[in-house]
Amino acid sequence: MSDAAPRLPDRFTEPTTGRRIDLLGYQAANRRNSWLLALVTMALLVAIAYLLAQVTDPGATLFFVGVALLIGAGQAVAGFWFSDRIALAAAGARPATVEEHRYLVNVSEAVAIGAGVPMPKVYVIDSPAPNAFATGRDPEHAAIAVTTGLIELLDRQELEGVVAHEMAHIRNYDVRFMSMLVATLGALLVLRDLFLRWGYFGGGGRRRGGRDSNGKGQGIALVVLLVLLVVSPIVAALVRFAVSRQREYLADAAAAWITRNPEGLARALEKLRAYSGPRLEVSEAVRSMFFVNPELNLNATGMLATHPPIEERIRRLRRM
Amino acid sequence: MGSLIVLIILVVLALYAVSVYNRIVAYEKRYQNAWSQIDVQLKRRADLVPNLVETVKGYAAHEQQVFEEVARSRQAMMNAHSVNESAEAANMMSAALGRLFAIAENYPQLRANENFMMLQEELSGVENKIAYARQFYNDAVMQYNTLIETVPAVFLAGPMGKQPAVFLQIPEGDRNVPQVSFGDTPPPPQA
């Protein structure tokens, strides 16, 4: 019976699209893309800083570029090393003890054994709203947080499904990539706000001061800069949302594999769909990290939705 | 010039062979580790038994048969030496514990006892972990066997003396979840 096990956990065919998914390749791609993203962000920041310097004070170009590199590096480092602590603090999570949350800890341990990953630290969020998220740069430094509402709502098989989904995210290095993406977005937004506020007072003054021969060049640089600063966060947001959905599907599939029980996860999603109580209040940046959209806008479709529509998730699971 | 190219090719091949060798060893260690993980969970279950028996005896002292069965299975687990013996002992304990909990159903005061409830959850948790550990072991064995039977590792596995590992036959009803398939192959027949 057991030697008829379907296929390698590292490679499987996604039932609906028929695409062959190579999990190992996907994980490696995530790690690679995290670094690429950090580099691209730094390049973008340097470009912005350079243009900024050209527009205002070309002599200080080196200074501007240096500051941009520092900010970029700082954001990347924060995104890599500290995102888990930041996310947990932002969600108001506290460590789950065996005495208080024996059930949750047991379920997490069991799923970790099944997934072949070291057991992540388990946290609890005191909230009736059922939800969960995972954080951590790799399986050795990972944590999952689950709301008390979720523990009460789901039975063992359903909770296993949710926990497996979160561990799949960790194992796939999704969290690392997502945190870096969020850090990137943060850096761009900070810079944009800085420029907008500063441009009012500083840049205007200089232009009025003189140097008309440079006026046109400076004008063009200014326009480019403005476009850059307005467009890049939009693009970053779009990328973040689009990327989120594929990852959720993949995590659902991986969770179904780990538990050998897609029905458990499907039932959990159904219960969440039917929930209509108080919602979880979280900042916009971390919303896409949760198991379902905390805004409970669960069937949202279209480019800006942070999660795939819940109907679609249930359907894909049932077709496995 | 020609001999330099040959040398480079040989070096590349050698490095590749090293990486394949390392992968064989890593997969082997993984399934062996998975095996000991099963043992760890089985031992945890056996360790919970004395406390459980004492708690139940406090309310149902006359159910001697069940207590003896449980005690015997625990003894069997401690005396088991071979793989088959410990598998049999584990099954014996599962059956005995099942009967113990069935009997506990008749004693509402016992069921309400806090210690009992805690133990019940612990045992439920451990049974689940045993099942997952067995599942992971089989996954690891499958990966290892597939590796040493496919190109290119198959060329190294022979000289290394690596044999395919044995799958674990998961006992009936261990985890009551349906078998699923993930694509091309149809679902395996229901056990």
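**Folds, packing and local geometry**

Colleague: Among contacts in chain A between residues at least 6 apart in sequence, what percentage joins residues at least 24 apart?

Modeller: This is a predicted model, in which local features need pLDDT of at least 70 and side-chain atom pairs count only at pLDDT 80 or more, while totals for chains, interfaces and linings use all residues. Residues are numbered from 1 along each chain as its sequence is written, chains are lettered from A and ligands numbered from 1 in the order in which they are written. Two residues are in contact if their C-beta atoms, placed from the backbone, lie within 7 Å. Of the chain A contacts with a separation of at least 6, the share joining residues at least 24 apart is 70%.

Colleague: How many helices and strands does chain A have?

Modeller: Helices (H or I, at least four residues) and strands (E, at least two) are taken as DSSP runs, numbered from the N terminus. On that basis, chain A has 9 helices and 6 strands.

Colleague: What percentage of the residues in chain B is buried?

Modeller: A residue is buried if 20 or more other C-beta atoms lie within 10 Å of its own, exposed if 12 or fewer, and partly exposed in between, with C-beta atoms placed from the backbone. Chain B contains 6 helices and 0 strands. Of the 320 residues in chain A, 43% are buried. For the 191 residues in chain B, the buried part is 26%.

Colleague: At roughly what angle do the axes of helix H3 of chain A and H5(B) cross?

Modeller: Axes are lines fitted to C-alpha atoms, for helices over the stretch in contact, and angles run from 0 to 180 degrees between N-to-C directions. Residues in this contact include A:Tyr103 and A:Val111 of H3(A), and B:Tyr132 and B:Phe136 of H5(B). H3(A) is roughly parallel to H5(B), because angles under 35 degrees count as roughly parallel, over 145 as roughly antiparallel, 65 to 115 as roughly perpendicular and the rest as oblique. The axes of H3(A), residues 102-115, and H5(B) come within 8 Å, and they cross at roughly 10°.

Colleague: Which strands of chain A stand at the edges of the sheet?

Modeller: Two strands pair if DSSP finds at least two bridges between them. An open sheet with mixed pairing is formed by 4 strands of chain A in the order S3-S4-S6-S5. Each edge strand has a single partner strand, so one side of each is left without a neighbour in the sheet; these strands are S3 (93-95) and S5 (132-136).

Colleague: How many residues of S5(A) are buried?

Modeller: Helix H2 of chain A, residues 61-91, packs on the sheet, and its direction makes about 150° with that of S5(A). Both faces of S5(A) are covered, with A:Ala132, A:Ala134 and A:Gly136 on one side and A:Phe133 and A:Thr135 on the other. S5(A) is largely enclosed by the rest of the structure, because the buried residues number 5 of the 5.

Colleague: Is A:Arg260 buried or exposed?

Modeller: Most residues other than glycine have a negative phi. A:Arg260, although not a glycine, has a positive phi of about 55°. The residue lies in the loop between helix H7 (215-259) and helix H8 (262-274) of chain A. Because A:Arg260 has 20 C-beta neighbours inside 10 Å, it counts as buried.
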